[in-house]
Structure formats: structure tokens, C-alpha cells
Amino acid sequence: MMKKFLTMMLLVTFSCVTSYAQRMITGKVTDASGEPLIGANVVAKEDANIGTITDVDGNFTLNVGSIVTALVVSYTGYNTTDVKLTTEANYEVKLQVGQLLDELVVVGYGSQKRSDITGSVSQINSGNIEKLVVTSIDQAMQGQAAGVQVTSASGTPGGSVNVKVRGNSSISSGSQPLYVIDGVPIAEGNFSQIGFGNQITNALANLNPSEIESMEILKDAAASAIYGSRAANGVVLITTKRGASQKTKIEINSYYGSQNVWKTIEPATGPEYVALIQEMVRNRTGNPASLPSSQGLRNLDADPATYPNTNWQDEILQTAPISQTDLSFQGGNESTKFYLSGSFFTQDGIIKGSGFDRYSFRANLDNNVNKRLKIGNSTSISRTKSLRINNDNNINGVLSAAFLTASHIPVYNPDGTYAKDVNASVENPVAAYKEPTNDAFNNRILSSIFGEYNIAKGWNFTTRFSLDYIGFEEFRFSPTTLNSGAGVNGLAVEAGATDLNLINENFTNYTNSFGKLNFDILLGTSFQSNESRTFFGQGENFPGNTIKTLNAASVKKDLSSGRSAYGLNSYFSRLNMNFDEKYYITASLRADGSSRFGANQRWGVFPAFAVSYRVSEESFLKGNNTISDLKIRASWGIRGNQDIANFASRGFISPNNNYLMRAGLAPTSLGNPNLTWEERTDIDLGLILGLFKNRLSFEIDLYEGVTNQLLLNRPLVGSSGFTGINENIGSLKNRGIDGSMKIFIVDNSKFTWKTTINASAFESEITKLAGTPFAAGFASWVQEGEALGAFRGFRAERIFQTQAEIDALNTTAREKTGRATALYQTSLTRPGDIQFKDLDKDGVITTSDQEILGNANPKVFGGITNEFSFGGIDFSFFFQGSYGNLLFNNTRAFAEGMNGVFGQAGSVKNRWTPTNPTTDIKYPRAVLGDPNNNRRTSDRFLEDGSYLRLKNVNIGYKIPSDVTKRLGLSSLRIFAGGQNLLTFTKYTGFDPEVSTFANSNTAPGTDFLTFPQARVVTGGINIQF
Amino acid sequence: MKNKFLSFMILGMASLFLHSCTSNIELEPFTALDASTGFKTRQDVEAAILGSYNSLQNANYYGLRIWALDEIYSGTLTHTGTFPSFAQFATKALLANNTETTNVWNTIYAGINRTNNVIASAPSINDPAFLKENAIAEARFLRGFHYFNLLTHYGGKPEGFNKGGVGVPIFLTPTLTSEDAAPKARATEADVWKVILEDVDYAITNLRDNNGIGRVNKMVATAMKARMHLMREEWQAASDLALTVINSKRYTLLPGASYENIYLNKNSTEAIWELQYDINNVNAIAFHYYPTANGGRNEVTSATALRNLHEANDLRLKTNVTTGVPANKTLKFTRVAGDDNVQILRLSEMHLIRAEALARLNKDIDVSLVELNTVRKRAGLADFTDKTPAKIVEAVLKERIIEFAHEGHRWMDIRRTNAVAANGFTQVFRALWPIPEREVDTSGKLIAQNDQY
């Protein structure tokens, strides 16, 4: 598409200076099966200014004049074909799928032919995206690009997605790539101020994936260092669809799907639960006659069999609809082109009470003012509505409560009120989804205008003014029927945040050739200014539960607002040079000045250098029947990460440390005037190999990225009054391999079968930290010499079967420590408890008996896509997976905790009892209060998180064009598909694709009562007029 | 057209460029003061004093944890909630990385740094409206009180205090740079007491008689020092200072029937120092007590043992252990919205300090009994008549459990009377909370862990 657009631009720009001899020819461009290709480029071989684009039927008409001897016909994804002109006036052109070398790839501040690229860039086209059932653009990258690890934190509709390009290059700063849409760097992340548990909102979910023409992921320093201090995590360039010189194409695309949970976890029944509690109490007191009431536990003394049973998961899970309808208009003439679209997406969550809607509109316009000046704009306006639910680590969470509420509690009391467990503090799960109001709205305007002026041949100047505005509004009401509203007679919160980015970029590029030496120079500046504001108001004490707005709150509290800003000034340049399209050199340099850094360290310089060699262009390989493409490339570069708090370098004396309703001030942080960006230095070696006319092609990259000057909160002794200070101290190394392979297994006019495989592996190692290792999340641990994402804890060695075993260890403990009261574990350790491993062999279990248990990073991850077409039928399926990663299943620490009043999983029936002397360390005895701390962080809850998932299946049928013509349509396709239809995993939790700590760098791979991914079945229709 | 467009662009770029260079990347924070601007004016320092009180209100401090965890540890509160870190107190199995003991430590030291900023900044303020000596005295009192709280939790000996035990690191100047934040080894218990007593003596000398409700004054400092002497087993001094407070006639006990009103109404006549909360500045105490149905999280409940300790007809029972809705909680904390005040010093403590100190000294036993019976009478109980000093001490200690239920005194009484083993601890080293593991690690073990953790 981009190529089409650029070609159009060129055509129009130079159309006035071409010759005047008239010779009209016509033709039709189709694919191998005879289906018309719409928007294919048809350009005269001798003069790129003579050209056109095929219409909706694949037809073109062109005035070729007298000198033209051949046409070059090209279309994204197909081999470019030369057509020799004869005396004929009409030409039928069939394009074969395949050759990608001449495709244009978008790079920072420009585009390049794929064969000219010296860096590592993955491309995802609209064709790959359109089939997916995804809410947001970041999800669309999952499994599609080598080296890009995409993990949805949860199945929360519109929720956050974690994207890691080539490992995780930061510990405490942002780790998400920079997203650049149509040249404009945009904001991403969460703008909510209300806590719901761990899951957060995702500002990228405002952007409609169906507007995307292509996504380029700039992975190595050579490709991305032109974005300087924001490039360390990679850069995702997104190009949206634009108009074309053609009869207006009207397209309606609509799908509807049904989602459900693909797995449930069997809970203990009410009677099983009560029996368990009674056993826990007896085990605690050691008295077989003890009843739960003796321990202050109420309503649990009766015969277990007399209790009812509620399956809370059944109460809160649902089959839920998802649908999207897009309407677009694409057209224009030689001077003005437009792409207009509107879209509505709506999704209910598979957990009741959750949902996500999006309205989005886009207008992309291009106009040629004259033969030298082009102007245009790209504007997207969108509004999303999230129905949020409490989640994860939150006793008011819907799924959380469904797990943590005991199953002997009915949903309702006889009087119709919600039944709540008097022994626990957990919300009634049904009340948790039904009663609260938690709405969030995100309004986003993304708009830019640009002008491109052709100063002289090959010399262009571009200027662009852009705005990215986010207006986030959120509202919460907790009525008195909820625990959180009961004590305060109703509680409401209204909060809002705005984030405004104004960006001006100006750059000029000059392209020329001297003989076989081709070069392209870029020089530019960029200024970005950001301002964000927030407000937050909370009120309590409402006149009932009907009026939910703050005006009705009789007690207004926690009224607050905030304001922040940052500025970024940049200067950049790049030189691309090649000799004979064989030897390539790219050098780029960017200087960034950021307000975020310390007064002493405001400016940074980010260079990159790359070389590549197209061996296949050498005479000894040219025309080789086997090797059709062979290129090696190498690059080095430095990129920065400045994704930290706006004033992180400052020490603060903060207000709102009040007393007696008078304003108080207190020092809250220490400043560091030397604070600066994180600096990632990368080396990349790449090999591209195409065989058999590129029917089989490989791209393999080896890389090593070292991030230095990691911004860390260096821990300080708390006795200093502060617990840490921001400093540039750490280092982190990522080393890996990315590979992708494309095979056209069958490619003939009747049947095509294409397979794309990508796989990646990396190792991360923290090479330097700010002093002592530190804990993160529940079981995660950050330590020098270990991977980022490591887990640490105790080792559960075995289950004590007899008291004699415990006594023996206690005796040893006394001998080893020389203390008469020393114990191996605790004084209340009994048979059935877990024996933890004495790693330091000092005879007693202390906190130093913990070690690294593994890490959350996969050994390999990737995806396999198979695409088939047969006549009008197209079929594709896409597997995505991860191998060798561990998950810490903290849900089990509760649901199999057997220590207190929380609801338990059915698996606790495997627990140790004198009559079931199991040796399975997952199931020790049940004992109230867990005095042996069997639940401590240990490998008991660590599981293999590997999975292989049939992420997407799509089958479509294009109604033959003679039928559609009669219906007055130019194209009609019906399709059906599914998302997450099959999942193969040993993981025992709800879903292996999970991260309760949303986008955490330090605590990935932890599951805690997290919203699972849905299985989705869809059907839809695509109509073009 | 060409020229117009170009000049437009050049102008646009030039103006943006100039604007950007001067201001785009030179920004000042909007929502806080830059620390380098410091506490330079009277208004700043006065706000810093209020900020110093604010640290006491933290949920890790008097806003719940420091005393509630003590009550759980003592068995006067039962842990009925779900925090594993609270459970470690209930099972008397604190680990060195316990979140609560770590947060309490960090919170108190952050409070110390706030007071150090006041103490360092106040001398150079020359505004005639500034009550310099009183300001410094307020900050020094709070600093001494912080160190007292640190010492009584993390220091001393398992057998009690003032017996040559261990102390905590001492910071007496503000931490302004990362260099200032370098770790310091633990001082001895005696060194920490020296800091505490010097600060409190300075406060007694320099504080005004009245600084308004919720703030410390000369009498608060005197009463606190009486408590400190009790902890140090300096009975005569404890008795004398308690008498000073009693004789000031500034405070009077409420009638027993109104015992609950000490808490339900704020700032009663017997409050010596009451930490003030309001609807804009709240705690989560009642929230942690109250059951979910009443909008709380049911983390703690009055212990059955506490209820059983009350003699028949004790007027305080219904306040200490509720029978209505919600049951087994306390009337001392009833505002789930969070604006309950917290009692730090009450007149009845002075009576009981004097009663105990005199009995320990074995002199003026009659006066000792009068002091004890003042508190008992108010509670609607018969006089205690046994004149055996040991029996009086025993009676006072029991009286203190009931009189100060939910006020965090019991654990201190257990510690200072070397009664840890007698209160269900098989491992007496657990009398001292562990030094936070992160503190030990961050200091490179310069800060030593307490014995046996």
C-alpha cells in the first residue's frame, strides 16, 4: 500500500513534465487464479512518471506515449513483473505471489526497498492482521514477528499487552517499544487512577487494527537508533490505509463471535470445604473434639454433609459476544485521495460485568497542491468504554472472590440479600460483578498535517505538525450492598486524566546516484512537548444507591489534581549508501535533549552503523537456480530509554502531609542531578537466504544487546529516612537469535499453500545491580548473574511422615547451632507438613534457605502460520507458543493453601492425612493458620508454563465475481474463524498466557486470580462495492 | 507559492526551535517543591512540623500497625484476617523479611528524617513570628519518641530494657543527599536512650504549656518521660513525673459509665496526647477491625482471653469487647470512614505508672493503692486491698491490660517485665522484632540482625 501511495505521489508530481505523444493502452492485472488485483501499480519502465493504478476490477488505462517499451507491474506481496509492449492495445497480466525484495518497507522518517535494508526489520501486513480477532494493535503482533514477544497480561477486554522486542532491556524503566503511527510517536500505557487489582487499561486499544496497512517492527539498533533516547525497546512503525486514485471503493467488514472460557478449575464442594475446615481446626489444636467455633470461626460446626454447595465459577463466567463492524471509503483522483473509515467494536468479557466498546473514525487525506508540493493529513478520533471489574490481588475482585469464597456459602440469603462468609473478608462474587459501577472512557485524537516539498530532483523537504491527545475519564460507584460501600454508605470516585503531546518534525532527504554509487541523506529535527493533568475526587455517604454522582455525596474527600510535563528536543541524520546494490552502508546519528534527566546530563547522542553485502548480486551467483537471494549484514548502535517519571531526577518536598487540617510538608525523595538515560548497545548479525526463486526464504539474526546505566532505585537503608534513590547503575545483557522462514509449498493457479514460521530464543542476564538483590511480585527476584524474571524461594523437599523425622531434625538443629531452643522449622511442625530444604546446611530453616528456582523467560517462542487458497476459498491457521518458561501460580497458594477460610480447589482432596500419607509436596496436611508456613514461597507453586496454542483459524469463501456483479457488488467474502481454539499446556491454572503484574519487567510470569483468555468462535462478511 | 510555503516553514521552524531551546526541556515540577529549595521560611518549617506529626498517622505507625501488631503478638487481639505478615505475629513466628516490621521501621525513620529537617532548618529562620525554641522542642520530642518506639520494638534485651541491650542506628541530621544516606551501624541501647532522654528533656524545658489539641506540650513530654522511666525501671523518676502530670490538675478521668466516650467523642478531659484524624486525613483502623458486612476487612478481633480477663461488672468491657453489632470488636475504633483518633497518652496511665512504681519501690504502698484504685473505681470495680507490693504490681499489670486494651501497651509491659516466656513464647529471642532483612542486606551487614533471626 505504501508503495502504491508513494508511486502515486511520484506520478502526480511529475505528470506535468512528461511527453505529450498519445498512445492509450488498457489491461487487466490478476493473481494466478484470475482474481483481479485492485490497486496494482502499472508504471512505464523508461519513465516512472508514467503510470497508474488498477481499478476495482483490476483494469487499467494508461497513456504510454511513444518511448515506452515495457510496463512494470507490481503489487504488494507479488512478484513484480515486466510486460513488454507490443502493438497490442490490451494486456492481461498475471502476477505470481512471492518475491518480496522490491517491496517498500517503512523505516524511520522514510521508506526503503526491502533489499536495501541494512537493519533488522519485521513487517506485518494488513492481510496478517485482518484475520485476527484482536482488540488492539499490539495484540496483532503476537506470534507474527521473530524476536517480538507479545503476552496479553490477561483476558481483560481492552486490557494491557506486554510487548518485548528482543528481550527485556530495562529493569525499572518502561520496556514497551515506541509506537509511531504515520510518523507520529504516540503515547501508550495506562491513564487510570483508580485501583482495581493489578490489571490496567491500555491506551493503544483505542486504535482500530483494521485501519492498519502495515506494521514494521524495527528491532536492532541500525533500524531504530534514529529514534534515539526512545528506541532501546525497539520501535513499531504503523502505517494506516490511505486513498488511491480509483473509483471509490466502499467496504463493509463485519464479524460476530462468541467467547467462552476454555477451562475451569474444579472447586471443593461445600461439604468438602466444611470437612476441610474442621480438619484444619483439629490439626491446629491437636484435639479431635475441637470445633471451628473454638477458633472463632462461625457457622462451620455442623455435619459437613448438611451444607449447601455453590460453584462460584459457574456464577460469574459466561458465554459472551464480541463483534466489530468497519465501514470504509477509499478513493480519489490524481490530485486528491482519501481514506475514510468508521468502526464499532464491542465485547463483553467472559467474566460477567466486564466489557469493552470502541468507536473509531479515521480520515486520511492527500492532495497535490502542485507538481512540487504535497499536503495531507491523518486523523483518528476514537472513544472507548471499558466496563471494569475488580480483579487479581483484590478481595473484591470478581474472579478473585469466586476463588476465595468458600463454596458452602449460598449466593443469596433467604431474605434476598447477598450471602457473605462471616469468617472471611471476601466480597460475594455475584455482588462483585453485579453491584458496582466501574466505567472508564478513553477519548483519543491523533492528528497530523504534513507538507512535502520537492526542492529539486531527489531532494525533498517534509514538515509535520502532530497532536496526540488522550482524555481519560473514569467513574466508580460502590453501593451499600458491597463491602466497600457498606461502611461509608456508598462511595463514588470520579477521576480524569489528559495527556497532550504536540510534535513538530522537519526533515529533508536527498537521493542521488553517481554511477553505481547510490546514496540517500536525511537531516531533521524533532520537538515534542508533553503536558499531562489529572484530577481525582472521592465522595462518601450517599442518600441510597440510586444517585451515583459526586454531587450526592455528603462527605467529599480525597480531592486532588496533578500536573506534569516533559519536553524532548532532537536532531537527527542518516546516510544510506550502496555501491551497485551490492555493498551497503548505513550510518545514523541522533541527539536528544530531555527534560526528564538531571541538570548535568540533559543531552545524549545515539549513533548507529550498519553494513550489508548482497552476495547474490555477485556475478558468480547471479542467475543461480538454487540461491536466488543471499545477503549478510552486520550492525552496531546505541539506543536510549528515557521512559521514566517526568521529574525522576528531582528530590521532592511534597505537600499533603497534613495534620490538624493544616498543610504539612515532608521530604519524600532524594534528587540526583546526574540521572540520565539507559543506554543499550547492540550488535546484530543477519543472514537472508532465498532459495528456488525465493519460494523458500530464511532470515536469521544473532544479536547481543547490553543495556548500561540502567535506572534503578538503589536501595538505601530505611534508617536514612529514604528507601531508595534513582541512579544509573545497573547493566543487563540480552543475547539471542531470531529466525523466520517462509515457504511457498504449493503455488499454482489453482492452489497455493504458504507457510511462515518464526522462532526466537534469548537469554537475559543481569550483569550489574545497585547493591543487594531485591524481591518483586510474589516470588520474583532480581539478582546479579541471574535472568530478569527469575523466581526465588524455598525448596519443598518432602512431606514429613512421622514425628520422629521432625524430632531428629530438631536435634540436629540444636547440635549445629549450639542453641537449646533451636528448631529445624517451627515448634508446631507436625507430620504432614512440608520439610523445606536446608540449603545453607546450618541445621535450621531461615530466610537464607532460599535459592533461584528458575525464570519466567521462555527458552523458545514463536508462531507458525499456514495459509491456503483454492479457487475462491482461503484458509489459514496460526499456532503460537512458548516453551520452557516457568509460571508462579500464586492462585494455588490460596486455593490449595489449606490454612484459613478462603475457598479451596477440589484438588485439596489429595492432601496429606494419616490415612492418605501422600508424598506429593503440593498437598501437605491442612492446618489452621499454617504454623509450619507450608504456603511460603517455594517451588510448590512453580509450574511449567509452556504452551502451544491454535491462536487463529480463518476460513473464507469469496463468492465468484459473476455472482457478485449481479448483486451489484464488486466483491463478497464470507468467513468464519476462531481464536484460541486449542491450547496444549501442562499448566494447571486457568490460562498459561498470564501476568498478574501487567507490564512488570521484574515480576513476569505470575498468575494470581487473573482474568483468563477467551476461546472465540467468529463468523463474518466482507462486502465491497 | 513555493516561496510562501518555504518562508512559512522556515518561520515556523525557527520560532519553534527558539521556543523549544529555551523552555521545552527546562521544566520545573508542578506538584511538589524541589528539595534543593529546602525549608527556608517560617511557613515552610511550620509545615514541616505538621508533616512530622503526619508521619505518626501512617498506617504503619499509630494509624494501626505498630500497636495492633503488638496486641496480636500479646494475644489481646486475635488475627482473623488474611495478611500472612499479620499471621506471623499470631503464630509468634516472625521472619526477618516480614513486610510489617520492615514498613514500621522505614516509616519511623522517615519520621525521624522529617524531624531532623525541622531541627536543622529552624535555627536559621529569623522571622519574629516564628516560635523557634518551641518548634525545635516539638521536633526533638517527636524524634525522641520515634527512637523510643524503635528501641522498644527492635532493641533492648529479651529480658527487658536498660540492661545493656542492643540499639538501632542513630541519625540526628537530615538526609539531603545519597552520601548522607550511607548506612550506620547500630548504636547500643544506652546510646539510643541517651538520644531519647536528651530530646525529651530538651522538650520539657523548651515546649510551651499548650500548643493546641493534638500537638505536644510540656505536659505531654513530662508524661511520656514517665513512661520511659517505667520502661527503664527507674521507678522513682517514673513516679515523680507521673505525679507532676496528675498534680497539674489539667486532666480528669471520665466517669466509668462514660469510658466509651473517651473514644466515641474526641479529645476527652483525660486525653494527654491524642493523635488527631479527620475526614480528610484518615486511618484504616476501624476498617481492619470491622467485618466485611460493616465495610471492613475483619483483619483483627478482640481476643476471647481479653474478654475473660474482665472482672464482673467492669464498666470498660462493653468498650473493649463489643457484644452488639459488630460483635467482638471495640468501641475504641468505630469510624470505618477512618476519622477515629488514636490515644497515645491518657491520665489513667499516669495513675497506674505511679501505682506500679511505688509498689516496685516498696514505699508509700497506701498511695500506690490509691492510684490503682482510682482507675479501678472509675471502672466500677471494688478496691484492691492486698498491700503486698508484688501483688500490687501484678494487679497493676492486669489493670493495664484492660484499661489500655487496643492501645498497644500490653506488649511493652510483657517486654519490660521479662514476661515473654510466660506469654507463650518458646523462643524468647522473639521479644525483639527482627531488623528488616532489607536493612541488613542493604547495609552490607553493617547493621547487625537481632540474635537468632
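Two strands are said to pair if DSSP finds at least two bridges between them, and strands (E, at least two residues) are, like helices (H or I, at least four residues), DSSP runs numbered from the N terminus. The model shown is predicted, so that local features need pLDDT of at least 70 and side-chain atom pairs count only at pLDDT 80 or more, while totals for chains, interfaces and linings use all residues. Residues are numbered from 1 along each chain as its sequence is written, chains are lettered from A and ligands numbered from 1 in the order in which they are written, and side-chain values use heavy atoms, with hydrogens and water left out.

**View 1. Strand β22 of chain A and its partner β21.** Strand β22(A), which spans residues 437-456, is mostly covered, since 14 of its 20 residues are buried, a word that stands for under 20% relative accessible area, with exposed meaning over 50% and partly exposed in between (1.4 Å probe, protein chains only). Strand β21 of chain A, residues 373-387, runs antiparallel to β22(A) and is joined to it by 15 bridges. Within this pairing, A:S380 has A:L446 of β22(A) opposite it.

**View 2. The hairpin of β22 and β23 in chain A.** Strand β23(A), residues 459-478, pairs with β22(A) in the antiparallel sense over 19 bridges. Here A:F450 faces A:R464 of β23(A) as its opposite residue. The hairpin formed by β22(A) and β23(A) has two residues between the strands, and A:G458 takes a positive phi near 80° in it.

View 3. Because its relative accessibility is 26%, A:N260 counts as partly exposed. When neighbours within four places in sequence are left aside, A:N260 is in contact (heavy atoms within 4.5 Å) with A:Q318, A:T319, A:I350, A:A1014 and A:R1015. The C-alpha atoms of A:N260 and A:G485, which are 225 residues apart along the chain, are separated by 31 Å.

**View 4. Chain B.** The chain contains 18 helices and five strands, and its C-alpha atoms fill a box of roughly 105 × 50 × 45 Å, taken along the principal axes. Of the 453 residues in chain B, 60% are buried. Among the contacts in chain B with a separation of 6 or more, 69% come from residues 24 or more positions apart.
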